[in-house]
Amino acid sequence: MEDQKSEAFYKRLKEQLSENGKWPSNYLYKFIVPTGEEKINAIAKIFDNTGAVIESKQSKKGTYTSLSITVNLKNPDAVIEKYKEVSHIDGVISL
């Protein structure tokens, strides 16, 4: 069931990105992760060598960290590919 939901989400996202943008283009990802170097570094590694600008901000209590990642990508498929890579990291919420 989860896979069907994911595929429907990615299909809809690809349609929206295709309709609304000229590619290549900058795309802003937003993720929330439990605070800890391991998960933050795992996400940063996915965007290594892409020229991505990564900004992080801890929650008030320091339990979670929000990551804003701006990166120039060639097409909607590249955007979705990065979402899929990040989805393999436990505890990450994609916004």
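Buried means under 20% relative accessible area, exposed over 50%, and partly exposed in between, with a 1.4 Å probe and protein chains only. By that scale Y83 is buried, with a relative accessible area of 4%. The model is predicted, so local features need pLDDT of at least 70 and side-chain atom pairs count only at pLDDT 80 or more, while totals for chains, interfaces and linings use all residues. Numbering runs from 1 along each chain as its sequence is written, and side-chain values use heavy atoms, with hydrogens and water left out.

**Stop 1: Y83 and its contacts**

Select Y83 and display its surroundings. Leaving aside neighbours within four places in sequence, Y83 is in contact (heavy atoms within 4.5 Å) with Y10, L13, Y27, Y29, F31, S94 and L95.

**Stop 2: the rings**

Now show the aromatic side chains. Rings of Phe, Tyr and Trp (its six-membered ring) pair if their centres lie within 6.5 Å; planes under 30 degrees apart count as stacked, over 60 as edge-to-face and the rest as tilted. The structure holds 8 aromatic pairs. One of them joins F9 and Y83 edge-to-face, at 6.5 Å centre to centre with 80 degrees between the planes. Because F9 lies in helix 1 and Y83 in helix 3, this pair ties together parts that are 74 residues apart in sequence. Helices (H or I, at least four residues) and strands (E, at least two) are DSSP runs numbered from the N terminus. F9 is partly exposed, at 38% relative accessible area.

Move to F31. F31 and Y83 also form an edge-to-face pair, at 6.1 Å between centres and 75 degrees between planes. It links F31 in strand 1 with Y83 in helix 3, 52 residues apart. Both F31 and Y83 are buried.

To see the cluster linked by ring pairs, select F9, Y10, Y27, Y29, F31, F47 and Y83.

**Stop 3: the core and helix 3**

A nonpolar core is a set of buried Ala, Val, Leu, Ile, Met, Phe, Trp, Tyr and Cys residues joined through side-chain atoms within 4.5 Å. The largest one has 21 residues, and Y27, Y29, F31, I43, F47 and Y83 have the most contacts inside it. Two or more residues each come from helix 1 (2-20), strand 1 (25-34), helix 2 (37-46), strand 3 (64-73) and helix 3 (76-86). Helix 3 gives the most, with 5 residues.

Colour helix 3 by burial: P76, A78, V79, I80, K82, Y83 and V86 are buried.

**Stop 4**

Strands 2 and 3 run antiparallel and are joined by 6 bridges. S56 stands opposite L67 in strand 3.

Finish on S68, also in strand 3. S68 is buried, with a relative accessible area of 18%. Apart from neighbours within four places in sequence, S68 is in contact with L28, Y29, K30, V53, I54 and E55. The side chains of S68 and K30 are joined by a polar contact of 3.4 Å. A polar contact is a pair of N or O atoms within 3.5 Å; within protein, one must be able to donate a hydrogen and the other to accept it, and residues adjacent in sequence count only if both atoms are side-chain atoms.

Notes:
Pairing = 2+ DSSP bridges.
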